[in-house]
Each structure stands twice: as C-alpha cells, then as structure tokens.
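Dear colleague,

Please find below the sequence and the structure that I am handing over to you. My account of the findings follows directly after them.

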Number of protein chains: 4
Amino acid sequence: MLSATSIVFRSSRISPAVASRLLECYNRRELSAKGMASMAPVGFIGLGNMGAYMAKNLINKGYPVVVNDVYPEAVADLADIGAQVGDTPADVAQKTDRIITMLPSSPNVLEVYTGENGILSTVKPGTLLIDSSTIDPQVSKDVAAKAEKKGATFMDAPVSGGVNAARDGILTFMVGGKTEEFVAAEELLLNMGKKVWHTGAVGTGEAAKICNNMLLAISMIGVSEVMNLGTRLGLDKKILADILSTSTGRCWSVDTYNPVPGVIEGVPSSNNYQGGFGTALMAKDLGLSNAAAINTKSPIPLGSLSNQIYRLMCNQGYSLKDFSSVYQFLKEQQDS
Amino acid sequence: MLSATSIVFRSSRISPAVASRLLECYNRRELSAKGMASMAPVGFIGLGNMGAYMAKNLINKGYPVVVNDVYPEAVADLADIGAQVGDTPADVAQKTDRIITMLPSSPNVLEVYTGENGILSTVKPGTLLIDSSTIDPQVSKDVAAKAEKKGATFMDAPVSGGVNAARDGILTFMVGGKTEEFVAAEELLLNMGKKVWHTGAVGTGEAAKICNNMLLAISMIGVSEVMNLGTRLGLDKKILADILSTSTGRCWSVDTYNPVPGVIEGVPSSNNYQGGFGTALMAKDLGLSNAAAINTKSPIPLGSLSNQIYRLMCNQGYSLKDFSSVYQFLKEQQDS
Amino acid sequence: MLSATSIVFRSSRISPAVASRLLECYNRRELSAKGMASMAPVGFIGLGNMGAYMAKNLINKGYPVVVNDVYPEAVADLADIGAQVGDTPADVAQKTDRIITMLPSSPNVLEVYTGENGILSTVKPGTLLIDSSTIDPQVSKDVAAKAEKKGATFMDAPVSGGVNAARDGILTFMVGGKTEEFVAAEELLLNMGKKVWHTGAVGTGEAAKICNNMLLAISMIGVSEVMNLGTRLGLDKKILADILSTSTGRCWSVDTYNPVPGVIEGVPSSNNYQGGFGTALMAKDLGLSNAAAINTKSPIPLGSLSNQIYRLMCNQGYSLKDFSSVYQFLKEQQDS
Amino acid sequence: MLSATSIVFRSSRISPAVASRLLECYNRRELSAKGMASMAPVGFIGLGNMGAYMAKNLINKGYPVVVNDVYPEAVADLADIGAQVGDTPADVAQKTDRIITMLPSSPNVLEVYTGENGILSTVKPGTLLIDSSTIDPQVSKDVAAKAEKKGATFMDAPVSGGVNAARDGILTFMVGGKTEEFVAAEELLLNMGKKVWHTGAVGTGEAAKICNNMLLAISMIGVSEVMNLGTRLGLDKKILADILSTSTGRCWSVDTYNPVPGVIEGVPSSNNYQGGFGTALMAKDLGLSNAAAINTKSPIPLGSLSNQIYRLMCNQGYSLKDFSSVYQFLKEQQDS
C-alpha cells in the first residue's frame, strides 16, 4: 500500500497549499493516488460561451485551473471564482501538464498551439493536450504530430450539446487519440460531461462530430421540407409529425426538435427560433465536412447541398436564428 | 331496440348460410348490427405482391372476398382459397358494397375506377371504396369527387410496411377521408394491419405516405454519405453508427436499417441489398412527392436531389436492389 | 391551270372588297391560290401581354382577326383597331379555320380547347389550330389527339423572345406538328416572328422550349455563382466577364445578359432587375421541365436544383424581378 | 540609338557563348535590347503532359532552358533537345532568374517552392517566378508572400487549353500579379500561348481559372440534361442542338463541344469520349472552386452539385473519359 509520502505528483507546479490539501484528502481516503494526480492543476484556454462554463465546472469539482483567453473580461470572470491566470498559452503550458482548449476555428487552434507564444513553445514532455474545438480533422492530426515531437500527447475531443449542456456539465465528448491515454482524458472530461466516446485515432473525434452534424443538417432540412409540403397538401402539422415520428422517416429532428412552431413545446421553433444552435454555426460545421469530403474524394450530394442552403440562409438574415429556422426559410409567404 | 328481423344487410349477396350465422351471432349479442354488416363480402382489386397477401388475410379472418386482377394466375391463387371472382371492377362493384384496391400507379387507379368497366360505372350508393395504392394525392381527390356523385365514399389508404408486413397482417394504414366513414374503414383495415391513422380529408393519406417516404430517402442518403465520409476519415463503421444512433443525427436509417454491410444483422445491407424496398420503387414514390411539390409550389431542395440520385441509380443498374444500396453507389471503388 | 374564278376561298367570311383585292393580286401572279387563302380570317384567343401584340401584328399585316379573351378590356383594345370579336372559343372556331392561342398554363389550354364552349366543340374539319402557350408537352399531345378526331390539326408553337419581341414581330417559334401542315403554319407565324423552327411531331415544340429555358436557368445561376465567387476572390467583375465570355465557360447569360449590375448596359441587371423575364415565370417553366423529367424518368440534377432555387426566390420576394436577379439572391450581404 | 555594349543583361548567369549569340542577333537587328534580355536562360520545373510541350516551345523559340522534374525520363527527353538540367528546384533557382512551374496540385507547388531544396531556398532577388499550375488561389498568395520576403516576384498564371494547345503553343494564360511585372511575364508566356490576360493581384489568375472551369462543368452537365430530356421527349438531337445553339441556352458546351455522340464531328463525344479533358481532372478543379467557396462563404449550389456529380462519375469508372461523358452517365440504359 502507498504511503502518503510516496505519491509522485505528475506536476511539480502545484502550490504547497494545494499539495497539502490533496494529501489531506488522500489521508482521509477521499482520493486514490491516481485521483490525487488528477487534482493537479489543469490549463483551460478559450473562455467563450462554451469554454467558460466548462472551466467553471472544473473549478467547481475542485480542480485548480489556469486560464487564458484573448478577451480580458472572459479571463477576469474566471479569476473571480478562483482561477489562476496564464498570460499566454505558453505560460499555461509552463504551469500545467494537462490543458484543455475550446476555440472557434482551425486558425485559432493553430495559433494557440503553434503560434509564437503557443502551447508547443513551452510544453513539457508527458503533457496531455485536449482540444474540444470543432475543427478540420486534418488540423488535429497536424498539431498532434507536432505535439508528439515535443513528447506531449494531443487528443481531439469535440463536444455535442450546446451552451446549456456545457453549463450543466452534461456534454458528450468524442475523443480521438491513443488508447493508453484515453482513460486519463476521460477522467478529466467526465467533470464537464456525462458521456465520453473513444472514437479511434487522432482526428476521429472531429470526424465523428462533423459527420453527426452533417447528418443533423440533412435531417433538419428534410423534415422542414416534408412538414411544409405535407401541410400544403392539407395535413395537420401535429398529425403529420406524429406519423413521421413513428414511421421510417423517424429522426431526432422530427420527434425531439421539430422545426414547425407549435408542434413541440420548449424547442427553438416554438420560441421564434431563438436560442439553440445558430444557423451560422451550422454553416461553419458544414464547411468543415465539405472540405473533408473534398480532401477524401467522398461524394456527399445532400451534405453539400445542405451547406449551400445554410450559406444562403446566412445571406438572407438567418445567421443568429436556430438552425431549425430552415423551415421558415423554405416556407416564407409565397408571392406568386 | 332492433329486432333481428329488422336488420338490413348492406349487401344482399352474402349466402343464406352466412346470413344465418350472422343473425345467430347477433342474437347472442356477439355482433352489433354494424358488426354483422362487416362480415358482408368485400371486393379486392389488385392482387400483386402486396394485394394478394392483404386479400388472403381478409379471407383468413372470415370475410367473403370478391377478387379481380388483370393477371388470371393472380386471381386463380385467391380463388383456390375460397375467393369469389369478379370479371371486371364493375362486376366487383355490383357484388359488394366495400371494395379495397391496391394498384401500381395513378393510371391504373384511374382505369380501375373511371375506365369503361370501372368501379364507378356500376357502384351502388353507400359503397365504401378504399384505395391503398400509392399515387398522386390529386388523383385521389379527383376519383373521390366522382365517387361522391354516385353516392359512394372514396378514401385513400396507402400503407407503410413491405411485403412481409402485408403477409403478417401488420401494415400501417394512413387514411384520408370523412371522419364519419373512418370507423368503418378502420374496422376493415385492422384485419390487414396493426395501426390505422386518420390523416384528414381525402388525399391526406397519400400526402402522409409520400412525405414519409421522401424523408426516408433523404435520411438514407444522408446516412450513407456520413458513413462513407466517416470511414474514409478513419472511423470504425460500428463506432460511428453507435455515436450517430445516440446523437442528434439519430434516425431510423442509421439505428434500424443501417446501409453499411455488417453494421446491423438481418437488414438488406447485410444481405447484398436483396429484399427490402427496391430502388425503382423509391424513385417512383419520389416522383410523386416531387410532382406534388411542383403543383403546390413547395421548395424541396433535398427531396428533389434525392429523386435525382435514385433516378441515376436506376440508370446504373440498382433498380432491384434495396434502396439502402445508395451507400454502395456513393462508395464504389474510386478509380482516381 | 387555275382560272381566277375557280379559286375556292377557305373562309367565306372575308369581305367582297378583300376578295376582290386578293383576286387582283392573284392575276398579277403576286399570290398563289394558297397565299390568297392565307388572307382568310384568323382566330386569336388569349390577349395577354404577349398575345395582344401578336394579334396586333396580324391585323397590321392585313389579316382579318377574330379575337377572344376572358378579360373584356383586352378584347376591347383589339376591337378598337379593327378586330372582330368572338363570344367564346367555340364562336371563334365557327368563324375561322385558323386559330392561334396564347394562354398562361395547361389548365387554360384544356379549358379553351376541350371545355364546354371550347374550340373543339364547334371546330370545322380542316381547321389549323396553333397553340403558342408554354405548357406540358403531354397536354399538347392530348389536345392534338382530340383535335384529330374532329378532323382538325393541332400544332404546338411556343415562342422565345419576350414582350418586346412580340411587339416588334421578331419572335422565334418552335413548332411541333405534321410536316405537311408546317408550311401553312410557318406562313402565318412569320407575320409575328422572324424565325420558325419545325421541331418534329406534336409536343416537340413545347419540349424544345422547356429544354432551352431549363438550360438558360442553369446557365444563369451558374454565371451568377462564378461572378460572385470570382469577385470575392478579388477579380474585377468586368475582367472576369471578359475572360469567361471568350473561354469555355462562354454562354448567353455571361456575354449578352450578364446578371451583375454594371457589366453590360441595357440589360435588366443594370436596371435593378426590372423588365425582362420574371423569376416566377422561370419557376413555372422549370416546373414544366421537371414534370416532364419525372414522366420520362430522365435525371436532371442541375435542372431540378435550379427549379428549387427559383422557387425559393419566389418565397423571398423575387417573383417579379428578372430571373437574372439570382445573382443578387446569392450575393446578398452576408451577416456572419 | 543603343549600341551593343550598352545592353544590360538582367541575368549575369548566361554563358559567354549565349551572350555572344544574342549580341550577334542584335547586330542583325533581329532582337531589341529588351528581346535580348529575354533570351537569358529560363528555368522550367514540372515536365508532365503540359509542361514538357511548354518547355519545348521555349527551346524552339531559342531560349536557353534549365529543366527539373521528379521523373528522370521526363528530364532526359528535354535534355535530348538541348535543355540544361537542374538537379533540384534550388539548383534551377541558382542558374536562372526567370522560372516557370507547371505542377499537378497545391502540395507539389508548396514542395517545389518552400520545400527543403525548393526554389525559395536559393532564389535571387529580382527573380520572376511564374506558376502555371492550377491550384488553390490562397496557396498562390501564400507562396507569393514568401517570395516577396526574398525579393522575388511570384505570379500565378494557370492556362486554359489542353495538351494539344500546349503542343501548338496556343494556350491562354490568366496571370495574377503586379502590373509592373506583367509585361515581362507576358513576353515570356507568349512563346507558349496566344493570349495572356492580366487578371489582377496575385491569386486572381487561379481564381479566373477555377471560375471558368466551374461554369464549364455546370454548362456541360446542363447541356447533357436537356439533350437527354429533349430526345426522350421526341426531339431529334441535331435539331435540338441547333435550336439551343441559336437561343438563350447557347453556350460553348452545346455549340462547340456537344456531349451527344454524332452531333458535332471531331469532339470527344464523337470518339467514345476519348481525349479531351478528363473527368478526374474536372473533379479536381471543382474541388478547388468548392474549397474557395467554403473559405469565402460564397453560395455555389450548382457548382457544388456539379462537383458531386463528377465525383460520383469517378466512382463509376469515368475518370479517364472526357468530362462530356456526363451525358452518357445521365443517359445510361434505364432498367426500370
């Protein structure tokens, strides 16, 4: 059996006070040696709508968190509840040996990891890097290769579930990376989510995410088309939704998130398409899957057309509405 | 209260023996007057793959059935198990006051109802006409209007479920027609199916059917696109199917009828795309929904492209394969 | 050889004065017997934007014209300049043995020809019926078959060229019908146009028309896509238009009717998309080609998507703008 | 007037023998001072189907040429007719101050310019770099920025016209780059082509190329759709082609390169779709325009669908056939 003094912390940078608290926990048998290791500080870079809630959940679970973001106000909010501040990604990498990033797009990820003051400029061997951004799987692979040269491990771990799921700590993570590191990632991620998939090698987490969202877009547009066509053919919207929900056309977009106002209570379509997952964000994700399809020479006729439709909607003023507003886009009052 | 002798059978053509049995039942309070009427003979026109099983189920439930089809062999099969034969649709209409039709396409329906020896040439007032063909909703409305002039009631009642469901008597019917006649139709149809929807006015049964099948086609192509793209991006097919089946991309085409061989046992994709619902039949149904969309000026970008894809597949030799073979069509070995 | 007195006029309704003039011409060998017949009165049904100009051109060329329309004002305008009025299509058919129809859509054509007071109710054997409406080729064939039973000849002769070409008498006609009747039709139509194609059997005139307009829609959307993409990539609009106009992407939509404001003077795009050929009319023609494709099982992926795009534009307020406004629809200020 | 001795060669690296020959020419008034400068040696990297002919034309016009390619045989062919050989792109850059590159795709261009032994590792200030590859415009811009840091000028100059045009020296070049360098580029390129466009800033040459090819793909598919639909509707293929070629559907794909066998002699469709521009190459170019559209958030519904169609064709065995074989793909014998 381990004695307290035999514990080797993965990071030497936790403060004496924290180390003392952790040892106390261990002595009370509240933490295993592994668990103690996991209470070593965690870096968190990218404190937007999603990231801020994720970092807060880590803090609430008792983790020391070192945060960084380009917006000082975002950083200040987290500092107010106890986060330590890293001046740059490089600084965060010096202070921690596990870092989570949650950034808007591929260029941001490249900057935060491989830029001048990026993580990889100071990263320590053995560091675990988890990127929860939704980006091009190829970028994930490229960053992973560079991290490996530094002796660090990079995993892509995009999420499903929106801002509310981030707040409530019930996100789903799709994690691509080496099997031997997956358990460590899972342990950390379960503090912010309820389900963690191991999808395979690096890049497959992103692949799963963009595949799901492309199928979601296709389903949502398809449901919108048939709900509009059916009502024009004389069907009652609720009867049609009931039939589809129990037939071979059944899908999440028809039975759980129906795009027609008044069919299901509490979803964006019944609240003027406010909240939810914005059209511009869906267009962005479809851009990623379309680029991946070009690169792999994979035909995606409906996925490609769905991208065009969400892009047209952005041009017509739908960017900030929930993506189910495609029903409204298709339906709008016909003038001839 | 009715006395036995006051019962007026809707059809005078049931045999004295049958009538006697029905009256006996009535006296024992096992049948209402309406119930007795329901054992009156039923006409059945259209004995194809689906229709033959449907008519057999009626016979097995004890109904006297008068059948008609353009193929003598199809008629002979039913006559062998006790069906009476009508020489023409007009003859069937003279011998029964409830008729079910199950025909391949709109022109056949027009011929059987409004042709020279069609049902409407001899139909009796009060006759209930139920058409289970999948056709243009507008044709249903047109035939219904002509039937009404003769004092008959026409309902469109297309089915979901394939040949096996027809054989096992577990079809789902989507019935468009007057509410006051729906109960009579439902009673009859439950002998061939397990669920009968009342969808609204005449034509809405067809509308619901073609809406569901269009959404099904869209979902199936969408699932095929992402399963192909995802595996090219390095995902394992079963892991991807699992993730999609529990995420917002969830749909029947991914969780119950997955188009990728080896993901789900017992579905056509795991049997070389044999059996199931043929590509040519899906192309035909999509032709109906596309025509309805043109007529109602309803935009259906994905439904329209899905029609083109199934039409292209017919041109490339997929007509008789299950419609989930679109996965194979998208995936086929790339030669550059 | 014919003597003047042996000429039998096809119509007895020309005035003695006209007959006298015609005979004089004949004697001077300026007219063949057939040519003289051509000054017999002509029926004209459908006096809309196009039809009114066409009928006026006939009158201006010296033809006695008997007109009919559902709008009394339209009829009055023509009567003012010398047209005789027919109370109904049937009345026109009694008064003439050559009739031109120019109607909005298939149902109107069916009504005018086969309705209660339709042309075919009174048509004389030998009458030449020319329909310049743009309709479903199958409807043309159906009406032609009914006309033939009455001993009359029906030809479909849709036009290309818009209202200005109708006014100036420079339309192009695409005529489907029997070769032996084509010369008579051509002689008449050249009074309203500058070019008359004989496209083949009945229905092929319509087929050619809807094929051309579908290709036009595809070209116009394609040009709009690349002009928008190219300028976003930094190209000057005029340089790009010049390059495309002299390269393999060359087409009428880029070199003669460019959809980008300011590239070509005098076209609708340089006049706020006013005038020209309206989006709703293009959507209607695309509906015809799409229906024909469904009926003939012809894959038309781009034609079908073009139909959806013009249908969406109608829903977004573009119905009355020229169809080149698809450039504006694609381009509109992006909000994210 | 210039004396021979006042000529300043742009490059000091031409051999005394060459310089002597040039001066001799000048004295015979066969070359202007400018022309003499232009006879300085030219580097040529990328000796594939197109590049080999282009380099040969330079040699035939009297230019000393220093060649490089990854395939030794390709290099040997040029050496046989007098080319000097550069061991690597870096070596070529040391030996010349004007270099033309003609490479298959973006990664090749990046390797040749920015790789370990790439041009930019040794390039001299003042060198003119002309890339005739068809690649992503963004890559052109990136390479141009890196070249500028070395004091060199990079221009993108993709071509239109295929292998035969390369052989015959009648290519068209679309050149993006600084105006002040354009004349020098044009002078060189006119030895290999008949027309040189200045399209604007760096990247716009590629932009023009991919815009034109996307419009070409759209036109070709559109023509194929209407030629197939029209003939199914009863039109003769030559009559339909004639009508379209003189109507608003007019385009290069219908009047010059018709995809239907037997309509125009001497084009690939009349030679079993052999020769011409291969389907796989078109799919590659459409991948570039689609990626550019994603990056610039430009909706390209038809361009995107065209990409999918050519990608599907590659999967069905059409890669090496001319891109007009899309007619055959759409038309193939229908089996239901």
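**Findings: the paired chains**

The copies meet through the same surface, because 100% of the interface residues of chain D are also interface residues in chain C. Please keep in mind throughout that this is a predicted model.

The interface of chain D and chain C is made by 58 residues from chain D and 58 residues from chain C. Together these two chains bury about 5200 Å², and carbon and sulfur atoms account for 69% of that area. Two salt bridges are counted between chain D and chain C. In one salt bridge, the side chain of Asp255(D) meets that of Arg250(C), with 3.1 Å from N to O.

**Chain A and chain B**

For chain A and chain B, the superposition likewise takes a turn of 180° and a shift of 0.0 Å along the axis, giving an RMSD of 0.1 Å. The relation is therefore that of a two-fold axis. Within chain A, the residue closest to the rotation axis is Cys251(A), whose C-alpha is 2.0 Å away. Both copies use the same surface, since 100% of the contact residues of chain A recur in chain B.

In this interface, 58 residues of chain A touch 58 residues of chain B. The area buried between chain A and chain B is about 5200 Å², with 69% of it on carbon and sulfur atoms. The rule finds two salt bridges across this interface. Asp255(A) forms a salt bridge with Arg250(B), and the closest N and O atoms are 3.1 Å apart.

**Salt bridges overall**

Over all chains, the count comes to 17 salt bridges. One formed within chain A joins the side chains of Lys95(A) and Asp91(A), at 3.0 Å from N to O. These two residues are about one helical turn apart, because Lys95(A) and Asp91(A) are separated by four residues in helix 5 (residues 89–95) of chain A.

**A helix pair in chain A**

Two packed helices are described by the angle between their axes and the distance between the axes. Helix 10 (residues 204–232) of chain A packs against helix 14 (residues 301–315) of chain A at an angle of about 70°, and their axes are 9 Å apart. Helix 10 of chain A is therefore roughly perpendicular to helix 14 of chain A, as angles of 65 to 115 degrees count as roughly perpendicular.

Which residues make the contact? Helix 10 of chain A contributes Met214(A), Ala217(A), Ile218(A), Met220(A) and Ile221(A). From helix 14 of chain A come Leu302(A), Gly303(A), Ser306(A), Ile309(A) and Tyr310(A). Of the residues in this contact of helix 10 with helix 14 of chain A, eight are nonpolar, two are polar and none is charged.

Yours sincerely,

A colleague

Terms used:
Residues numbered from 1 in each chain as written. Chains lettered and ligands numbered in written order. Predicted model: local features only at pLDDT ≥ 70, side-chain atom pairs only at ≥ 80, totals over all residues. Heavy atoms only, no water. Axes fitted to C-alpha atoms, helices over the stretch in contact; angles between N-to-C directions. Parallel < 35°, antiparallel > 145°, perpendicular 65-115°, else oblique. Contact = heavy atoms within 4.5 Å. Nonpolar A, V, L, I, M, F, W, Y, C, P; charged D, E, K, R; others polar. Least-squares fit on C-alpha atoms with pLDDT ≥ 70 in both. Buried area = accessible area lost by both parts, 1.4 Å probe. Salt bridge = Lys/Arg side-chain N within 4 Å of Asp/Glu carboxyl O.
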